[in-house]
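Me: I have a structure open here. Can we go through it together, in short answers?

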Amino acid sequence: MSAATAETELPVPSVQDMTRDQADYRIGPLDKLTVTVFGVPDLTTNGQVDGTGNLAMPLIGQVPAIGETPLSLSGKIAAALDKRYVRNPQVSVTVTEAVSALVTVEGAVIKSGQYPVVGRTTLIRMIAAAGGPSDNARLSEALVFRTVNGKRLVARFNLKDIRGARASDPEIYGNDLIVVGDNPGRQLFKDLVSIAPVLGIFYQITRK
């Protein structure tokens, strides 16, 4: 059974946290990247994928980046450099701001699935992206799961209170998981709700 340890504030995940569980993270428009070409510091680039999905690189110009993983984009840049400029280049691509990271929305919503985070967004907006709560949703039991520094955390929010301006609408980040409660008979969900009171505070999930 899961247990929990209280956190004192709502933690903000790092870029590594937001992509930790996405081994095949796909680069999207407006993602910020660092491209390192080892041994050639002049080619190291801090850039942003533009709205058409391209990344501007010295010497080789616009490189299509959308839909690529950091590893596959590294290979594409290395191949382009190797043709004319650098022999056997060693290239590393790091996502420094996952603007287009994905959030998973499940449970009592109209359309469960994964939705992109473009810019800043909130719990209410992400649930709206999933079509809103279903007719059997328990609005007092919206759980948000988040990984911070490798630890899995959970918090519970009351959607009625947020809509009525009695509680703040928490910011949502890439790789978060949102689950809107429906069936109070599900033991696992009841256990999670019991360890995550409506305080907007995240609790660490541990295994006994």
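Me: Leaving aside its neighbours within four places in sequence, which residues is leucine 81 in contact with?
Reply: Val37, Leu43, Ile60, Val86, Pro89 and Val91. Contact means heavy atoms within 4.5 Å. This is a predicted model, where local features need pLDDT of at least 70, side-chain atom pairs count only at pLDDT 80 or more, and totals for chains, interfaces and linings use all residues. Residues are numbered from 1 along each chain as its sequence is written, and side-chain values use heavy atoms, with hydrogens and water left out.

Me: Is leucine 81 buried or exposed?
Reply: Buried, at a relative accessible area of 0%. The classes are buried under 20%, exposed over 50% and partly exposed in between (1.4 Å probe, protein chains only).

Me: Which helix holds leucine 81?
Reply: Helix α2, residues 70-84. Helices (H or I, at least four residues) and strands (E, at least two) are DSSP runs, numbered from the N terminus.

Me: What does α2 lie across?
Reply: β2 and β6, and α2 runs at about 135° to β6. Axes are lines fitted to C-alpha atoms, for helices over the stretch in contact; angles run from 0 to 180 degrees between N-to-C directions.

Me: On to the sheet. What is the strand order?
Reply: β3-β2-β6, three strands in an open antiparallel sheet. The edges are β3 (45-48) and β6 (91-97), each pairing on one side only. Two strands pair if DSSP finds at least two bridges between them.

Me: How many bridges join β2 to β3?
Reply: Four, with β2 spanning residues 32-37. Valine 35 stands opposite threonine 45 in β3.

Me: New topic. How many salt bridges does the structure hold?
Reply: Five. The criterion is a side-chain nitrogen of Lys or Arg within 4 Å of a carboxyl oxygen of Asp or Glu. One of them joins aspartate 176 and arginine 146 at 2.8 Å, N to O.

Me: Where do aspartate 176 and arginine 146 lie?
Reply: Aspartate 176 is in the loop between β12 (171-172) and β13 (177-180), and arginine 146 is in strand β10 (residues 142-148), so the pair ties together parts that are 30 residues apart in sequence. Aspartate 176 and arginine 146 are both buried.

Me: What about arginine 166: which residue does it form a salt bridge with?
Reply: Aspartate 161, with the closest N and O atoms 3.1 Å apart. Arginine 166 counts as exposed at 58% relative accessibility. Aspartate 161 counts as partly exposed at 23%.

Me: Last one. What pLDDT does the chain average?
Reply: 80, and 76% of the residues score at least 70. That is the predictor's confidence in each residue, from 0 to 100. Over residues 1-9, pLDDT stays under 50.
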